[in-house]
Amino acid sequence: GAGVSQSPSNKVTEKGKDVELRCDPISGHTALYWYRQSLGQGLEFLIYFQGNSAPDKSGLPSDRFSAERTGGSVSTLTIQRTQQEDSAVYLCASSSVSYEQYFGPGTRLTVT
Amino acid sequence: GDSVTQMEGPVTLSEEAFLTINCTYTATGYPSLFWYVQYPGEGLQLLLKATKADDKGSNKGFEATYRKETTSFHLEKGSVQVSDSAVYFCALNTGSARQLTFGSGTQLTVLP
């Protein structure tokens with residue numbers, strides 16, 4: 001079956017602009033995660049959605065970052081007023097009750 | 001909080017050599033342990049996992065044993081191939097926090 005998909009695969013934006021990154025999880029997976037992979041910080045957790053529960057936002061680095069998950073499926077990560085330090089690969093993962101996380105290919109964000 | 005310490009790379013081996021990548025962890029609960037692999041230009045893939053003490057995870061000739069007494073989950077392979085060249089990440093999660101905590105990653109290069 002289809003895996004986790006993310007779009008766009010690459011995004012170049014100017015400092016100060018807003019960006020939206022999209023994640024389509026594996027069908028039927030109730031949990032969805034966002035991570036960030038950068039050279040300086042490695043792989044960092046950002047936010048976690050589980051079913052209809054309130055999301056765990058404990059990893060979001062600032063209030064410029066937000067995410068939503070519509071209809072328990074697709075998720076959008078929004079970064080407002082982008083800064084150069086936001087440049088990274090943003091990874092989405094989904095899981096079912098087994099808690100094994102399956103990752104998408106990522107969105108490479110470059111802020112110029 | 002939870003943390004994962006991983007052997008620093010890069011690691012360069014000749015084909016058919018023995019591989020060990022060390023991983024130790026600190027966790028407040030009883031974690032599940034994982035090894036993920038990232039091949040060049042691709043996303044993260046689950047390589048193997050272990051969910052309780054003394055469990056051995058194995059896949060594609062790789063093995064790792066959950067050692068609670070030494071809080072370790074070292075990755076081993078008896079005979080590496082050029083196709084094993086990738087970045088390897090050790091990770092954990094616990095019952096209270098389903099998100100993964102990752103080590104810094106180890107770049108493995110296997111030469112023919």
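Predicted model: local features only at pLDDT ≥ 70, side-chain atom pairs only at ≥ 80, totals over all residues.
Visitor: How many aromatic pairs are there over all chains?
Guide: Residues are numbered from 1 along each chain as its sequence is written, while chains are lettered from A and ligands numbered from 1 in the order in which they are written. Rings of Phe, Tyr and Trp (its six-membered ring) pair if their centres lie within 6.5 Å. By this rule the count over all chains is 12.

Visitor: Is the pair of A:Tyr33 and A:Tyr48 stacked or edge-to-face?
Guide: Planes under 30 degrees apart count as stacked, over 60 as edge-to-face and the rest as tilted. The ring centres of A:Tyr33 and A:Tyr48 are 4.8 Å apart and the planes meet at 10°, so the pair is stacked.

Visitor: How many residues apart are A:Tyr33 and A:Tyr48?
Guide: A:Tyr33 and A:Tyr48 are both buried (under 20% relative accessible area; exposed is over 50%, partly exposed in between; 1.4 Å probe, protein chains only). A:Tyr33 sits in strand S4 of chain A and A:Tyr48 in strand S5 of chain A; strands are DSSP E runs of at least two residues, numbered from the N terminus. The pair links distant parts of the chain, 15 residues apart.

Visitor: What is the angle between the planes of B:Phe34 and B:Tyr36?
Guide: Both B:Phe34 and B:Tyr36 are buried, and ring pairs link them into a cluster whose members include A:Tyr33 and B:Phe102. Their own pair is tilted, with 6.2 Å centre to centre and a plane angle of 40°.

Visitor: Which element gives the most to the lining of the second largest pocket?
Guide: The second largest pocket has 14 lining residues, with A:Leu43, A:Glu44, B:Leu100, B:Thr101 and B:Phe102 nearest its centre. Two or more lining residues come from S5 of chain A and from strand S11 (97–102) of chain B. With 5 residues, the most comes from S11(B).

Visitor: Where is the cis peptide bond that involves B:Pro10?
Guide: B:Pro10 lies in the loop between strand S1 (3–6) and S2 of chain B. Omega is about -5°, and the cis bond joins B:Gly9 and B:Pro10.

Visitor: What is omega for the bond from A:Ser7 to A:Pro8?
Guide: A:Pro8 is placed in the loop between strand S1 (5–7) and strand S2 (10–13) of chain A. The bond from A:Ser7 to A:Pro8 is cis, with omega near -10°.

Visitor: What is phi of A:Arg81?
Guide: Most residues other than glycine have a negative phi. A:Arg81 lies in the loop between S7 and S8 of chain A and counts as partly exposed at 41% relative accessibility. Although A:Arg81 is not a glycine, its phi is positive, about 50°.

Key. Heavy atoms only, no water. 1 Å grid on protein atoms, 1.4 Å probe; cavity = no way out; pocket = protein on both sides within 12 Å on 5 of 7 lines; lining within 4 Å. Helix = DSSP H or I, 4+ residues; strand = E, 2+ residues; numbered from the N terminus.
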